[in-house]
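Visitor: I have a structure here that I would like to walk through with you. Could you take my questions one at a time?

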Amino acid sequence: MSSNTIALPSDKHTQAPATRITQSTAVEQARAVAEVQAAVVVAQQCPRDVSRAIERMRQACSQKALADRAFYSLPRAGGKVEGSTVHLARELAACWGNVDYGIRELRRDDEAGESEMSAWAWDQETNVRSSRSFIVPHAIMATDRPSRTKFRKSLTDLGDIANNNNSVAARAVRETIFTVLPVWFRVEAEEIAAKTLAGGVSGAPLQQQVADAIGHFERTYGVTGGQIEERLQRPRAQWTPQDLAALRVLASEFDRGEKRPVEEFPREDRRVTAEEVAAQSASRDTAEAAEQ
Amino acid sequence: MNIDQPGIYDLGEEAYHADPVEHGSLSASSAKYLLPPHVPADYLWYRQNRPTSRAFDFGHAVHSVILGVGGELVTVMKATRDKTLVPADGWTTVSAQKHAEEIRAEGGVPVLESDRAVVDAMAEKVREHPVAHALLTSGEPERSAFWCDPDTGVWRRCRYDVLPDVPEDGRLIIPDYKTTSSVAPDAFNRKVIDFGYDLQAANYIDTAAALLGLDDVRFVFVAQLNKPPFHVAVIEPSARWITIGRERFALALRTYKRCRETGDWPAYPDPIAIAPPAWVDYAHDDLMAATREES
């Protein structure tokens with residue numbers, strides 16, 4: 001390697017020296033360059049109609065199916081992190097037009113248990129490009145049930161590794177898309193989506209929707225209001241339309257069998273109540289009377 | 001009697017406390033002597049000198065009446081100058097102490113006549129408390145349980161005041177009766193710290209879970225004020241308390257195993273350095289600052 005090149009951490013993993021490339025690689029490289037040029041030329045020849053882009057965005061964000069998936073909210077370190085989801089980002093990229101985005105796994109090291117990933121978003125018309133490269137460890141944080149301590153759990157299953165890589169990369173691609181989109185475009189989209197959520201499915205008042213949601217979860221999945229409160233990290237009186245949207249998405253995932261209620265809602269720390277003691281006592285008395 | 005199979009047994013109190021497991025087992029009440037501020041040498045001493053104090057007899061008497069088990073209450077008598085026997089009004093006379101010893105030897109529970117009224121009043125108050133009464137009558141009283149800790153191979157034991165019959169939903173609520181000088185939450189919390197009740201709660205829960213194959217076991221104290229008006233309170237230690245108790249019990253098991261293997265039950269190491277705690281430091285600085293202004 002000549003002295004004026006900058007060494008990257010990934011260089012040591014490069015299999016062949018850059019100077020010795022095969023013919024097919026050379027063809028691929030030329031093709032990639034041509035593709036980039038063509039994309040920019042095409043994009044400039046078919047420029048986006050901004051007013052039509054706005055129109056499409058307004059229509060998309062008025063749809064409940066998108067609004068339900070537009071925001072996320074997760075408990076983290078005692079507080080919460082909230083924001084717009086990758087679903088909203090992708091939809092807005094499509095509405096804005098001439099935006100290319102994606103993720104790529106650059107390198108996988110099974111020995112070190114990590115993947116090097118890159119995510120990008122590219123406005124082909126203005127040729128504004130945002131990308132990030134990052135290392136994704138093949139691991140997740142898990143909780144040890146008896147002691148309730150968190151620990152790092154290594155992933156070995158290929159499907160688990162792929163899912164983990166994709167979900168970390170999805171968050172990165174979301175950020176790159178929001179970087180190339182105009183801020184005003186995103187802000188208006190979020191406002192409309194929030195308004196769509198506040199309208200709710202039935203247009204019923206929020207309190208009624210909260211009660212309906214709890215009822216649905218209890219009847220259908222055996223999940224109590226207390227368990228949902230623990231997951232959302234706030235009492236039901238403080239639930240927002242976004243929280244209800246997240247529950248609707250979760251419910252549809254349960255219905256499709258993509259997620260399981262017992263895994264999403266570990267049993268809450270249900271305190272002993274006077275009613276419970278009385279009920280247990282009554283059922284013991286009945287059992288005893290039946291025996292005699 | 002020797003116990004070499006994990007399980008729940010109906011044992012007499014003395015048999016349980018004598019530890020019927022051949023190579024020894026650890027209970028919560030003895031485990032606390034293996035943990036700071038105690039040292040393993042305290043544990044050894046405690047095992048060899050189990051107390052039979054007055055408070056112990058009083059608590060014992062209350063337990064017997066409330067759970068309807070244990071030895072019979074026998075009024076302690078003392079001899080007067082003309083050798084007639086009258087109920088003792090205290091524990092100080094030699095003849096009263098001798099009689100108390102005799103009662104214990106026969107498996108009874110010595111009680112002063114004045115205490116007998118207190119015990120009856122306390123039992124009445126518990127019967128009137130619907131939740132406490134339901135909890136303390138939810139199963140077999142005074143059951144002893146033994147099992148081998150999977151992590152250390154050390155046997156564990158505990159004696160339930162009441163081991164409830166497993167309810168249909170599988171959620172077992174284990175009560176434990178305590179007499180105390182205060183049932184106020186903060187004051188009782190202090191008792192948990194002082195007497196290591198967290199160890200007991202965790203040991204009761206984990207033992208029941210292991211032996212009965214349950215995964216939802218709760219523990220509550222039925223605490224009663226030991227003076228009028230004998231308030232009763234049902235107090236549940238939080239999940240954090242149980243975790244603390246569980247981790248401390250695990251530490252006691254490891255210490256016990258190590259001491260037993262090496263035969264070394266250390267007391268305090270020499271020499272020990274001590275420093276003033278932060279609050280003394282601050283108070284002293286404040287005092288110096290104040291007197292400097294004066295002079």
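Visitor: How many residues of chain B are in contact with how many of chain A?
Guide: Contact here means heavy atoms within 4.5 Å. By that rule, the residues in contact number 19 in chain B and 14 in chain A.

Visitor: What should I know about where these values come from?
Guide: Happy to set that out: this is a predicted model in which local features need pLDDT of at least 70 and side-chain atom pairs count only at pLDDT 80 or more, while totals for chains, interfaces and linings use all residues. Residues are numbered from 1 along each chain as its sequence is written, chains are lettered from A and ligands numbered from 1 in the order in which they are written, and side-chain values use heavy atoms, with hydrogens and water left out.

Visitor: What ipTM does the predictor give the complex, and what is the average pLDDT of chain B?
Guide: The complex gets an ipTM of 0.81 from the predictor, along with a pTM of 0.58. pLDDT is the predictor's confidence in each residue, from 0 to 100. In chain B, 97% of the residues score at least 70, and the average is 90.

Visitor: What area do chain B and chain A bury between them?
Guide: The size of an interface is often given as the accessible area lost when the parts come together. Buried area is that loss for two parts, taken with a 1.4 Å probe and summed over both. Here 48% of it is on carbon and sulfur atoms, and the total is about 1,500 Å².

Visitor: Which residues form the salt bridge between the chains?
Guide: A salt bridge is a side-chain nitrogen of Lys or Arg within 4 Å of a carboxyl oxygen of Asp or Glu. The count between chain B and chain A is 1. Its closest N and O atoms are 2.4 Å apart, and the partners are Glu276(A) and Arg171(B).

Visitor: Is Glu276(A) buried or exposed?
Guide: Glu276(A) is found in helix α11 of chain A, residues 274-291; helices (H or I, at least four residues) and strands (E, at least two) are DSSP runs, numbered from the N terminus. Leaving aside neighbours within four places in sequence, Glu276(A) is in contact with Arg270(A), Arg271(A), Arg171(B) and Ile173(B). Buried means under 20% relative accessible area, exposed over 50%, and partly exposed in between (1.4 Å probe, protein chains only). With a relative accessible area of 11%, Glu276(A) is therefore buried.

Visitor: In what order do the strands of the open sheet in chain A lie?
Guide: Two strands pair if DSSP finds at least two bridges between them. β3 (99-109) and β5 (128-137) of chain A each have a single partner strand, so one side of each is left without a neighbour in the sheet. The twist averages 15 degrees from one strand to the next. The pairing is antiparallel, and the order of the 3 strands is β3-β4-β5.

Visitor: Which residue of β4(A) stands opposite Gly102(A)?
Guide: β3(A) and β4(A) run antiparallel, joined by 10 bridges. They form a hairpin with 4 residues between them, and Gly113(A) in the turn has a positive phi of about 70 degrees. Opposite Gly102(A) stands Trp120(A).

Visitor: And which residue of β5(A) stands opposite Met117(A)?
Guide: β4(A), residues 114-123, pairs with β5(A) in the antiparallel sense over 10 bridges. In the hairpin of these strands, Asn127(A) takes a positive phi near 55 degrees. β4(A) is mostly covered, with 9 of its 10 residues buried. The residue opposite Met117(A) is Phe134(A).

Visitor: At what angle does helix α5 of chain A run to β5(A)?
Guide: Axes are lines fitted to C-alpha atoms, for helices over the stretch in contact, and angles run from 0 to 180 degrees between N-to-C directions. Helix α5 (residues 158-180) lies across β3, β4 and β5 of chain A, and its angle to β5(A) is about 150 degrees.

Visitor: Over in chain B, which residue of β10(B) stands opposite Thr180(B)?
Guide: Strand β9 (residues 172-180) of chain B is mostly covered, with 8 of its 9 residues buried. β9(B) pairs with β10 (residues 217-225) in the parallel sense over 9 bridges. Opposite Thr180(B) is Leu225(B).
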